Amino acid sequence: MTDGADRSAESDPGDDTAADYEADPDRSSRVEELPKYLREGLAKQDVESLRIVQRYVDELLDEKERPVERDDLPETADPVAETTDGYIVEELVKCGKDGCKCASGAESDMHGPYEYRYYRDGDGTLHKEYADNE
Ligand SMILES: [Zn+2]
């Protein structure tokens, strides 16, 4: 008698809150994590369109998961190690402070070398992170 929670669940366009969310064991919960427009949009497609989507998804994965290449690193970065998802490099840096000698850009005036880690995130964007492993 008290099961009114899922009334209008099919037609409600704004289900961002997911307050009555309950995982259905028969369906992949990961699919349920996708935005509704994507999930429902895909479910409406015919087989031919889904095959096109499948190829497109493969292309996107290749692009976003492509390894970090040396060419992706700045010229000033000196790779000292390869990681599973990128490189550890040593780099000379400018601190940006007014009047500091590093502003000249000459290698002998710059700070470091410091170690940085280059890697891609889930969007395929290249990131640089200070690697303070000492
Ligand atoms: Zn400086």
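Author: Two strands count as paired if DSSP finds at least two bridges between them. The model discussed here is a predicted one.

Reader: In β2, which residue is the bridge partner of P79?
Author: Strands β1 and β2 run antiparallel and are joined by 5 bridges, and a hairpin leads from β1 to β2 through 2 residues. Within this pairing, the residue of β2 that is bridged to P79 is V89.

Reader: What is the order of the strands in the open sheet?
Author: The protein contains 3 helices and 4 strands, and along the sequence these elements follow the pattern α-α-α-β-β-β-β. The open sheet is made of 4 strands with antiparallel pairing, in the order β1-β2-β3-β4.

Reader: Which are the edge strands, each of which pairs on one side only?
Author: In the open sheet the order is β1-β2-β3-β4, and neighbouring strands are turned against each other by 30° on average, with direction ignored. The strands that pair on one side only, and thus form the edges, are β1 (78–83) and β4 (126–130).

Reader: How many bridges join strand β2 to β3?
Author: Strand β2 covers residues 86–93 and runs antiparallel to β3. One of the bridges between them has G86 as a member, whose partner in β3 is Y119. The number of bridges that join β2 to β3 is 7.

Reader: In β4, which residue is the bridge partner of R117?
Author: Strand β3 (residues 111–120) and β4 run antiparallel and are joined by 5 bridges. Y116 stands opposite Y130 in β4, while the partner of R117 in β4 is E129.

Reader: In the hairpin of β3 and β4, which residue takes a positive phi?
Author: Most residues other than glycine have a negative phi, and most peptide bonds are trans. The hairpin of β3 and β4 has 5 residues between the strands, and the residue with a positive phi, near 85°, is G124.

Reader: What is the omega of the cis peptide bond that joins G112 and P113?
Author: P113 belongs to strand β3, which spans residues 111–120. The peptide bond between G112 and P113 is cis, with an omega of about 10°.

Reader: How many C-beta neighbours does D85 have inside 10 Å, and why does it count as partly exposed?
Author: D85 lies in the loop between β1 and β2; leaving aside neighbours within four places in sequence, it is in contact with Y119 and R120. D85 and D121 are 36 residues apart in sequence, yet their C-alpha atoms are 9.4 Å apart in space. A residue is buried at 20 or more neighbours and exposed at 12 or fewer; D85 therefore counts as partly exposed, its number of C-beta neighbours inside 10 Å being 13.

Reader: Does V80 count as buried or exposed, with 12 C-beta neighbours inside 10 Å?
Author: V80 sits in strand β1, a strand that is hardly covered, with 0 buried residues among its 6. Leaving aside neighbours within four places in sequence, V80 is in contact with I88, V89 and E90, and the C-alpha atoms of V80 and E115, which are 35 residues apart along the chain, are separated by 8.7 Å. The cut-off for an exposed residue is 12 or fewer neighbours, and because V80 has 12 C-beta neighbours inside 10 Å, it counts as exposed.

Reader: How far apart are the end C-alpha atoms of helix α3?
Author: Helix α3 (residues 47–64) has 18 residues, and at 1.5 Å a residue it should span 26 Å. Of these 18 residues the number buried is 0, so α3 lies largely in the open.

Reader: What percentage of the 134 residues of the protein count as buried?
Author: Among contacts with a separation of 6 or more, 29% are between residues 24 or more positions apart. Of the 134 residues, the part that counts as buried is 4%.

How values were computed:
Residues numbered from 1 in each chain as written. Predicted model: local features only at pLDDT ≥ 70, side-chain atom pairs only at ≥ 80, totals over all residues. Axes fitted to C-alpha atoms, helices over the stretch in contact; angles between N-to-C directions. Contact = placed C-beta atoms within 7 Å. Expected span 1.5 Å × (residues − 1).
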